[in-house]
Amino acid sequence: MNVPFLSFEAQHAPLSGALTQAFTRVLDSQWYVLGEEVHQFEREYSAFNGVAHTVGVANGLDALALALRALEIGPGDEVIVPSNTYIATWLAVTQVGATIVPVEPDLATSNLDPDRIAAAITSRTRAIMPVHLYGQACRMTEIMHLAADYQLFVIEDNAQAQGAGFNGKPTGSYGHINGTSFYPGKNLGALGDAGAITTDDERLAQKVRVLRNYGSQQKYYNETIGFNSRLDELQAALLRVKLPVLPEWTRQRQQIAAWYEQYLTDVSGLRLPSVAAGATHVYHLYVVHTPDRAGLQQHLTRHGIGTLVHYPIPPHLQQAYQSLQLSVGNFPIAEELAATCLSLPMWPGMSERHVAAVATAIRSHQ
Ligand SMILES: *Cc1c(COP(=O)(O)O)cnc(C)c1O
């Protein structure tokens, strides 16, 4: 049995009528940028995420960069980021001209380790950017306490964790202003690029509303040097169809993870995801770790099982960041995670038979 790494079939097929209707509604409205669909989606996503304000933007990277700009973080400021994350987290800090200060993750969860943050704080530190990697919430209570003690801002990167929470409070509602992505493969995905910031702070929300739209509130009156980073009406209308189904998709992802755990628990040399006390995991990705990553991946490919590596090279070793002059050995935990991680198939609609087929293929390795 072949199991693709990702399939949208089960998510989209039952919604195809509603998605088509949403498309027709936008087509007929003759209004395609910043209108009623974006406004309604922002309200609906705020209710879902337990925040006062959502501001739709063009993508997740822009959401993070605009969040930093709204906080007026820029050159000379230091921002603490995880040493292992998708590079977008780092790029947002670089885009605003601030200095990246990487902090190592907890080996067990792959998430930023709150116990290592204090040692990285200097007089120039302005913010901490926790990333809820793979869909697991970071230990937000400790991170928020640290931020309060040192008077720092917190910007959550919630691109992979829509619907997760820590101690019952949603990710994306802890930080002063947070970013998320609705890239198609994310847990809540548009049919193209889309993203948003979430915040309880009306002043910060308003700053992003102005920045996303050419620095303007009133057409052709520009108060600040802005950007064009708007969520369009079509993507907002499609996201409004999908948002109500997200809790059911999350439930399915968690069921699939439970099956994996049941089927893979005693495979030697294979470390399964572990969830920190108080955290929920919404399994954007189901990531296992093995010293024989290349061998296992090749073996699974031969058996028709799709896998990917998230991510093979940590940001500090990317060519893009060679100017930071960091090298192998600077962030050994991030490097070890990058060398051993393998993402197994995970998509709403996967059945227990799919999981069993993946497990059988893994067990037949060696
Ligand atoms: C996807 C992702 C982003 C960027 O989102 P885009 O919409 O692709 O710009 C940022 N951070 C993390 C952790 C992501 O997974």
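Biologist: Which residues are around the ligand?

Modeller: This is a predicted model, to start with. Around the ligand are Asn 59, Gly 60, Leu 61, Tyr 86, Ala 88 and Val 131, along with Asp 157, Ala 159, Gln 160, Ser 181 and Lys 186.

Biologist: How many of the shell residues are nonpolar, polar and charged?

Modeller: The shell has 5 nonpolar residues, 4 polar ones and 2 charged ones.

Biologist: What lies 2.7 Å from a nitrogen atom of the ligand?

Modeller: That is a polar side-chain atom of Asp 157.

Biologist: And which side chains come up against ligand oxygen atoms?

Modeller: Gln 160 has a polar side-chain atom 2.8 Å from an oxygen atom of the ligand. For Lys 186, an N or O atom of the side chain is 3.1 Å from a ligand oxygen.

Biologist: How much of the ligand does the protein bury?

Modeller: The protein buries 90% of the 380 Å² that the ligand exposes when taken alone.

Biologist: Which pocket does the ligand take up?

Modeller: The ligand takes up the space of the largest pocket.

Biologist: Switching to the fold. What is the strand order in the open sheet?

Modeller: The order is S3-S2-S4-S5. The sheet has 4 strands, and the pairing is parallel.

Biologist: Which strands are at the edges?

Modeller: Strand S3 (99-103) and strand S5 (153-154) are the edge strands. Each of them pairs on one side only.

Biologist: How many bridges join S2 to S3?

Modeller: There are 5 bridges between S3 and strand S2, residues 78-82. The two run parallel. Ile 80 stands opposite Val 101, which is in S3.

Biologist: What about phi at Leu 34?

Modeller: Leu 34 has a positive phi of about 50°, although it is not a glycine. Its place is in the loop between helix H2 (16-29) and helix H3 (36-49).

Biologist: Why flag those two spots?

Modeller: Because most residues other than glycine have a negative phi, and most peptide bonds are trans.

Technical notes:
Residues numbered from 1 in each chain as written. Predicted model: local features only at pLDDT ≥ 70, side-chain atom pairs only at ≥ 80, totals over all residues. Heavy atoms only, no water. Near = heavy atom within 4 Å. Polar contact = N/O pair within 3.5 Å; in protein donor to acceptor, adjacent residues only side chain to side chain. Areas by Shrake-Rupley, 256 points an atom, 1.4 Å probe, with all protein chains shown as cover. 1 Å grid on protein atoms, 1.4 Å probe; cavity = no way out; pocket = protein on both sides within 12 Å on 5 of 7 lines; lining within 4 Å. Sits in = over half its atoms within 2 Å of the grid points. Nonpolar A, V, L, I, M, F, W, Y, C, P; charged D, E, K, R; others polar. Pairing = 2+ DSSP bridges.
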